[in-house]
Amino acid sequence: MDYFAQQLINGLVLGSIYGLIAIGYTMVYGIVGMINFAHGDVFMIGGFIALITFLILVSLGLTAIPVILLIVLLVSMAITALYGWTIERIAYRPLRHSFRLAPMLSAIGMSFVLTNYSQVAQGARVKPIPPLITGGYTLHESADGFVIRLSNVQILVVVTTIVLLAIFTWLVSRTRLGRDMRACEQDQTMAALLGVDVDRTISMTFVIGAALAAVAGLMYLLYYGLVDFFMGFVAGIKAFTAAVLGGIGSLPGAMLGGLAIGLIETFWSAYFSVEYKDVAAFSILIVVLIFMPTGLLGRPEVEKV
Amino acid sequence: MTAPSTNTAKKTATGIPALLKTALVNAVIALVLFSLMVGIRTEAGSDGQLTYWTRFGEVAALVAAVFGGSIVIELLRQWIGPTGVEKLVPPVVQSGMSFVGRYLAPALLFVTLLVPVIFYDQRYILDLGILVLTYVMLGWGLNVVVGLAGLLDLGYVAFYAVGAYSYALLATNFGWSFWVCLPLAGILAAFWGVLLGFPVLRLRGDYLAIVTLAFGEIIRLVIINWQELTGGPNGVSSIPRPSFFGIPLDNSDNGLAAKLGIEYSPTHRIVFLFYLILALALLTNWVTIRLRRLPIGRAWEALREDEVACRALGINTTTTKLTAFATGAMFGGFAGAFFATRQGFISPESFTFQESALVLAIVVLGGMGSQLGVALAALAMIGGFELFRSLETYRMLVFGMAMVLIMIWRPRGLIGHRAPTVYLTKAQAISSDLVKEGHG
């Protein structure tokens with residue numbers, strides 16, 4: 001039971017990170033109807049920028065951890081958001097009215113560009129950082145000495161995710177931008193006729209998605225203590241799996257799917273085999289799609305002729 | 001990364017100040033993008049401590065390149081004129097192009113047949129030719145799924161892997177010959193194609209893409225982790241070479257060279273492999289062309305154009321999709337078996353997502369459905385890849401950029417050929433009340 005509880009905590013933390021990335025996928029899919037294949041690599045770029053900013057700040061002599069974290073968070077969100085904007089501008093906007101496969105292939109190309117760009121720019125080796133946030137709480141100690149621990153990093157990841165989700169939900173449901181986004185999702189032509197700047201709204205969608213991916217990158221860096229140039233691919237596929245699992249286009253679905261994938265992966269590693277954890281996650285995706293093709297919270301797609 | 005081309009310049013148009021402003025904005029964006037990622041180089045030291053050093057020179061160079069590049073692009077755009085206007089091709093050029101189009105394929109085939117004769121001494125060119133032909137075959141195989149049936153498959157490499165491992169394991173464990181294993185590899189791959197086909201039947205478009213991608217990853221992960229069977233990351237080595245219908249191509253007394261009474265040379269095997277893959281690729285091409293004329297091929301094309309209409313006309317979409325998957329997978333399996341016998345060694349590293357993307361890029365670049373286009377695209381892609389071999393890490397970067405640029409420049413591929421092979425020969429007027437405007 002204690003072991004189970006510990007794995008539950010680990011799974012929720014991992015799931016939060018996946019959920020943050022998955023929101024980027026689901027938003028873009030909802031509004032432009034394409035899989036932004038490069039999103040996983042945007043997450044990786046976010047991790048790298050967080051790492052570099054952290055290094056600079058430390059070498060400047062800054063020691064207050066909360067200040068460092070805040071600056072790192074803001075810098076990596078800002079720069080990664082600009083990456084998201086640029087990617088949309090270069091690779092997706094010219095193809096907006098092209099046939100269905102074109103933006104997808106352009107996105108795959110962009111993903112290769114980003115992966116290899118950071119390999120060329122930062123080298124192929126794994127970049128570790130010393131643990132920034134240490135300590136934690138012992139929740140429960142059983143008779144045979146097994147300890148359930150909740151570390152401060154885990155608390156930080158979950159709290160940050162919840163806060164961001166709250167801000168994000170507010171943004172989508174209450175602000176002008178959110179209304180524009182929902183309008184574009186329903187009908188771009190009609191939205192444009194009613195005075196919504198469709199191009200700008202789509203750009204902002206990519207910017208927000210990239211900023212959330214940057215936060216996920218920072219959380220990954222803090223939680224695992226390393227980044228490398230290839231981490232975007234697997235994380236990206238899993239986050240997309242999460243988005244599909246939750247029902248693509250649905251924001252709560254993305255978070256729910258992220259948590260589900262995180263939990264499945266953690267429990268599978270804990271009780272069965274670590275090697276096959278990814279196989280388990282992907283198999284779940286296939287099984288879910290067989291029985292609920294629209295995911296857990298997705299709307300059924302109405303087919304028009 | 002090229003400069004983001006802002007739309008503002010297109011509207012406010014023309015003067016030099018506007019041009020400079022656009023370029024300046026792009027340069028500032030590039031400065032922010034590259035400042036940390038390129039300007040600061042991090043590396044883990046020997047004691048695990050991270051160190052960093054600055055590279056402001058590179059950043060400056062990149063920003064300058066973006067500045068210059070965006071001026072050039074903007075000038076080019078003004079010089080070419082507004083896009084979206086159909087440019088009429090003069091009839092002389094048109095007839096010339098159709099002439100070339102008609103004779104290009106036979107000419108290419110003829111040249112390909114002669115390659116081992118002309119370049120007999122140049123091992124490198126022969127090897128490259130084999131590689132290109134392998135990708136031509138993979139491209140033609142995937143073309144059945146993507147180009148004809150319109151099902152986006154991002155995990156095609158899984159069938160390639162199934163074929164390669166089928167041959168490798170059957171040959172090393174049971175000593176079966178290549179010619180027995182080749183059909184078996186195809187059948188096994190087709191079987192996996194059907195197995196994948198079943199769950200994805202109800203899915204379409206992007207869901208299908210992601211499930212096939214997941215499937216490809218599952219196959220690769222299983223190969224890596226099932227060490228007792230597949231040797232895990234170490235792969236399978238000393239896979240037997242193919243024989244000339246039972247006669248080995250080696251230096252022994254009953255080898256082909258000895259039987260023919262000519263002097264043995266290792267090049268014989270290479271030439272044999274060249275013609276073998278050429279034959280396999282042509283088989284793929286021939287089967288595809290024949291299938292297109294059969295009801296099943298027609299059904300694939302109909303499925304690609306409109307699934308709902310297809311169902312309304314009584315076409316069984318289930319079997320149509322499954323046969324497309326199985327046919328494509330079978331050719332992938334053949335190619336995989338050939339790959340295993342050529343390399344003599346296979347490992348999971350050869351079957352990554354990158355390969356799937358490369359084959360898909362070949363199919364799309366070739367213009368989805370055009371057999372000639374796929375062959376030309378494979379030649380361009382693999383040849384281009386070889387040109388950049390010396391650049392190593394930059395190679396994939398260039399490949400990715402090329403993919404993006406080609407998609408922007410020609411989203412329909414080099415040879416856009418998606419016209420259905422059957423259509424009404426007589427134009428018929430349709431009453432206006434049968435045609436409805438709008439999205440339905």
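**Exercise 1.** At what angle do helix H11 and helix H14 of chain B pack, and how far apart are their axes? Describe the arrangement and the residues that meet.

*Solution.* The model is a predicted one.

Step 1. H11 of chain B covers residues 267-293, and H14 of chain B covers residues 317-343. Their axes are 11 Å apart and the packing angle is about 175°.

Step 2. Angles over 145 degrees count as roughly antiparallel, so H11(B) is roughly antiparallel to H14(B).

Step 3. On the H11(B) side of the contact are Leu273(B), Leu276(B), Ile277(B), Leu280(B) and Thr284(B). On the H14(B) side they meet Phe331(B), Phe334(B), Phe338(B) and Arg342(B).

Step 4. Sorted by class, the residues of this contact are seven nonpolar, one polar and one charged.

**Exercise 2.** Describe how H3(A) packs against helix H2 of chain B.

*Solution.* 

Step 1. H2 of chain B spans residues 16-37. H3(A) packs on it at an angle of about 125°, and the two axes are 10 Å apart.

Step 2. An angle of this kind makes H3(A) oblique to H2(B). The crossing of H3(A) and H2(B) is left-handed.

Step 3. H3(A) brings Ile79(A), Leu82(A), Tyr83(A) and Thr86(A) to the contact, where they meet Ile29(B), Val32(B), Leu33(B) and Leu36(B) of H2(B).

Step 4. The contact of H3(A) with H2(B) holds seven nonpolar residues, one polar residue and no charged residues.

**Exercise 3.** How many residues of chain A are in contact with chain B, and which element gives the largest share of that side?

*Solution.* 

Step 1. On chain A, 61 residues are in contact with 52 residues of chain B.

Step 2. Elements of chain A that give two or more residues to this side include helix H2 (39-59), helix H3 (65-92), helix H4 (101-122) and strand E1 (127-128).

Step 3. The largest share comes from H4(A), with 17 residues.

Step 4. By class, the side of chain A that touches chain B has 41 nonpolar, twelve polar and eight charged residues.

**Exercise 4.** What span do H1 of chain A and H6 of chain B reach, and how many of their residues are buried?

*Solution.* 

Step 1. H1 of chain A, residues 2-32, has 31 residues and reaches 45 Å from its first C-alpha to its last, close to the 45 Å expected at 1.5 Å a residue.

Step 2. Of the 31 residues in H1(A), 22 are buried, and the helix is mostly covered.

Step 3. H6 of chain B, residues 157-174, has 18 residues and reaches 25 Å, close to the 26 Å expected.

Step 4. Because 14 of the 18 residues of H6(B) are buried, this helix is largely enclosed by the rest of the structure.

**Exercise 5.** Where is Ser238(B) found, and is Ser238(B) buried or exposed?

*Solution.* 

Step 1. Chain B has 17 helices and two strands. Ser238(B) lies in the loop between helix H9 (227-230) and helix H10 (256-260) of chain B.

Step 2. Ser238(B) has 10 C-beta neighbours inside 10 Å, so Ser238(B) counts as exposed.

Step 3. Phi of Ser238(B) is near 45°, a positive value in a residue other than glycine.

Step 4. For the chain as a whole, buried residues make up 41% of the 440 residues in chain B.

Notes:
Residues numbered from 1 in each chain as written. Chains lettered and ligands numbered in written order. Predicted model: local features only at pLDDT ≥ 70, side-chain atom pairs only at ≥ 80, totals over all residues. Axes fitted to C-alpha atoms, helices over the stretch in contact; angles between N-to-C directions. Helix = DSSP H or I, 4+ residues; strand = E, 2+ residues; numbered from the N terminus. Parallel < 35°, antiparallel > 145°, perpendicular 65-115°, else oblique. Contact = placed C-beta atoms within 7 Å. Nonpolar A, V, L, I, M, F, W, Y, C, P; charged D, E, K, R; others polar. Buried ≥ 20, exposed ≤ 12 C-beta atoms within 10 Å, placed from the backbone. Left-handed = near helix turned anticlockwise from the far one by under 90°. Expected span 1.5 Å × (residues − 1).
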